[in-house]
Amino acid sequence: MNNIFSEFQPTNETEWKDALKQALKGPSVEEALHYNDPIEAIHYKAYTHPTNAKSTEETPGQMPYTRGGKFSSNHFEIVNIVPSGKVSQRNKSALDLLMKGATSIRIDLENHTPEECAEIIKGIGFEFIITTFICYTTEQFIWVTSLRNEKNTGRIHAFATEEITAVDGMRTRLIDGTQVTNAGGNCKQELAYLLHEGHTQLFELISKGKSADDAAAQLKFRIGIGSNYFFQIAKIRAFRHLWSTLVAEYKPTHSCSHIPFIEAETSTLNKSVKDPYTNLLRLTTEALSAIIAGIDELTVLPYDWGTQQPHLEKSQRLSTNISLILKEESYLEKVVDPGGGAYALEALTSELEDEGWKLFQQVEQKGIALLQTEISKTVAIRKAQFESGKTTLIGINKFSNPEKVENEWLAPKKLIFGQELILERDLTAAKA
């Protein structure tokens, strides 16, 4: 195969910057394309010349898996959450979501008895989908494991709020990074939490007699997706690299044990109930960044999720359609790691790897309280940026909807790192 680059005359960095400055028509390259993100606390450039590019020969499906573990397609599951309600209605909702395009469902078992749980899942073909159950009692967890054995499928995950026994062939430990995202934390803080909590769970399982391979197979990582587009892509890619590096220390036998199973979930942080249709644009770019980064499951929350009057039949269908359009009409599941090799993205990924790993090491030494302190500082900076208008959020602190909207946010949820932050609800500027 011919090297296409040999057909073009290379330019040195000085010539390239001169041409770039001319194209910018005024500001210097540094003024226009160098950024110091106060929320992410990272300085980065929106460009990189080949002479300064990070050299890598890594390909998809190859250690350390920055480019992912897939090498034939970018396949991902479309996840929908089955809403709360009566047992019969929950069954109807689950079947309806699957008929409308979901390929994976999440069912919170709440306070249902095993008999009621069986009614909720009536008619579902578990061999064709991935199903995640959230359990609260030992009885519920036993019911799920019995269901898995009955259906003879490894496509059922079960996570419980109380101590449970790991079950071979089933993911039973959830490391939920949305706890950081929805509390208002930044990318490197979420990376540190995912690595710390993931390492804690991995070490605990190995200490109880599991092999490194079996222990890694128990874990699932849920990563929150925000609106800082390139940072979200880089965050997921950086996490895969860092997790692979961490797991390698336990010397697993199988290469797949190095690859984290990742669900990406859109955040509630930047959403609006007073101008809800702007949320569809935000959800689309958030979903796009997750897909480009390469994930196993994608959960696009309905645009009015977490409000007093959700119109779930409509908003959940639109969320599913966002995933379907990106997957099947935009063909984004066909190309593995489409962002790989982009100089600026590779540089940002490397920067997040360094910063995330440093913070992870500090949290390992000093405990999770350090991370709580760091996130609270970031929340203060984030709110100040939006209150002052230095960072714009259409429909919330600029161009707000003049029409009266009856819907309101529910009371803030309690998260590991403080209360849930929703800018429209918690900013003074948004209420003015």
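Mentor: Let us start with the rings. The count of aromatic pairs comes to twelve.

Trainee: What makes the pair of Y193 and F417 edge-to-face?

Mentor: The ring centres of Y193 and F417 are 5.3 Å apart, and their planes stand at 90 degrees. Rings of Phe, Tyr and Trp (its six-membered ring) pair if their centres lie within 6.5 Å; planes under 30 degrees apart are stacked, over 60 edge-to-face, the rest tilted. So Y193 and F417 form an edge-to-face pair.

Trainee: Why is this pair said to tie parts of the chain together?

Mentor: Y193 sits in helix α7 and F417 in the loop between β11 and β12 (418–419), so the pair links parts that are 224 residues apart in sequence. Helices (H or I, at least four residues) and strands (E, at least two) are DSSP runs, numbered from the N terminus.

Trainee: What should I know about the model itself?

Mentor: It is a predicted model: local features need pLDDT of at least 70, side-chain atom pairs count only at pLDDT 80 or more, and totals for chains, interfaces and linings use all residues. Residues are numbered from 1 along each chain as its sequence is written, and side-chain values use heavy atoms, with hydrogens and water left out.

Trainee: Are Y193 and F417 buried or exposed?

Mentor: Buried means under 20% relative accessible area, exposed over 50%, and partly exposed in between (1.4 Å probe, protein chains only). Y193 has 5%, so Y193 is buried. F417 has 9%, so F417 is buried too.

Trainee: Which residues form an aromatic cluster?

Mentor: Y35, Y44 and F231 form one.

Trainee: What makes a set of residues a nonpolar core?

Mentor: Its members are buried Ala, Val, Leu, Ile, Met, Phe, Trp, Tyr and Cys residues, joined through side-chain atoms within 4.5 Å. The largest such core has 68 residues, and F239, W243 and L298 have the most contacts inside it. Helix α9 gives the largest share of this core, ten residues. Another core, of 25 residues, lies apart from it; L109, C135, W143 and A158 are among its members.

Trainee: Which residues does F239 touch?

Mentor: Contact means heavy atoms within 4.5 Å. Leaving out residues up to four places away in sequence, F239 touches L191, L194, L195, F221, I223, P260 and I262.

Trainee: What makes a space a cavity, and what makes it a pocket?

Mentor: On a 1 Å grid over the protein atoms alone, a 1.4 Å probe fits in a cavity but cannot get out; a pocket is an open set with protein on both sides within 12 Å along at least five of seven lines, and lining residues have an atom within 4 Å of a point. Grid points join across faces, edges and corners, and a volume is the space filled by probe spheres set on the points. Two cavities of 30 Å³ or more are counted. The largest cavity holds about 50 Å³, and its lining includes K271, Y303, W305 and W409.

Trainee: How is the lining of the largest cavity divided by class?

Mentor: Six residues are nonpolar, three polar and one charged. Here Ala, Val, Leu, Ile, Met, Phe, Trp, Tyr, Cys and Pro count as nonpolar, Asp, Glu, Lys and Arg as charged, and the others, Gly among them, as polar.

Trainee: What about the largest pocket?

Mentor: The largest pocket has about 1100 Å³ of space. Its lining has 37 residues, and I134, L174, D176, Q179 and R222 lie nearest its centre. By class they divide into 14 nonpolar, eight polar and 15 charged. Helix α7 supplies the largest share of this lining, four residues.

Trainee: Which residues lie nearest the centre of the second largest pocket?

Mentor: R171, I259, P260, F261 and D296 do. The volume of this pocket is about 560 Å³.
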